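Dear colleague,

Please find the structure below. My findings follow directly after it.

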Amino acid sequence: MEAVKWIVAWGVGALVAAIAGAIIANYKNRDLSSWAAWCFVFPPLLIVLALLQTNPGPRPRRRSMDEDDATAG
């Protein structure tokens with residue numbers, strides 16, 4: 001039963017880290033979906049994100065699927 005508690009704790013921690021990563025990435029003008037995903041997979045990345053400087057200028061834009069298909073040729 002002890003292993004189940006650790007797995008649940010890790011899962012809850014990963015969800016909290018993903019939500020916090022999205023919030024901090026939005027505040028720091030970064031790609032929030034990417035940072036949320038990476039913070040979910042590896043929660044200590046939240047510390048790295050918190051230490052990064054705010055991104056000046058517009059938020060990075062993901063390419064559309066059509067743009068990806070056009071360059072994959």
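Helix α2 spans residues 32-41, and its buried residues are W35, A36 and C39. Here, buried means under 20% relative accessible area, exposed over 50% and partly exposed in between, with a 1.4 Å probe and protein chains only. Viewed down the axis of α2, the buried residues lie within an arc of 100 degrees, so they line one face of the helix; the arc is taken from the directions from the helix axis to the C-beta atoms. The face turned away from that buried side carries the exposed residues W38 and V41. Helices are DSSP runs (H or I, at least four residues), numbered from the N terminus.

This is a predicted model, in which local features need pLDDT of at least 70 and side-chain atom pairs count only at pLDDT 80 or more, while totals for chains, interfaces and linings use all residues. Residues are numbered from 1 along each chain as its sequence is written, and side-chain values use heavy atoms, with hydrogens and water left out.

The cover over the buried residues of α2 includes α1 (2-27) and α3 (45-51), where contact means heavy atoms within 4.5 Å. Helices α1 and α2 pack at an angle of about 155 degrees, and their axes are 7 Å apart. The axes are lines fitted to C-alpha atoms over the stretch in contact, with angles from 0 to 180 degrees between N-to-C directions. On the α2 side, the contact is made by L32, W35, A36, C39 and F40.

Finally, F42 sits in the loop between α2 and α3 and is partly exposed, with a relative accessible area of 46%.

Technical notes. Helices (H or I, at least four residues) and strands (E, at least two) are DSSP runs, numbered from the N terminus.
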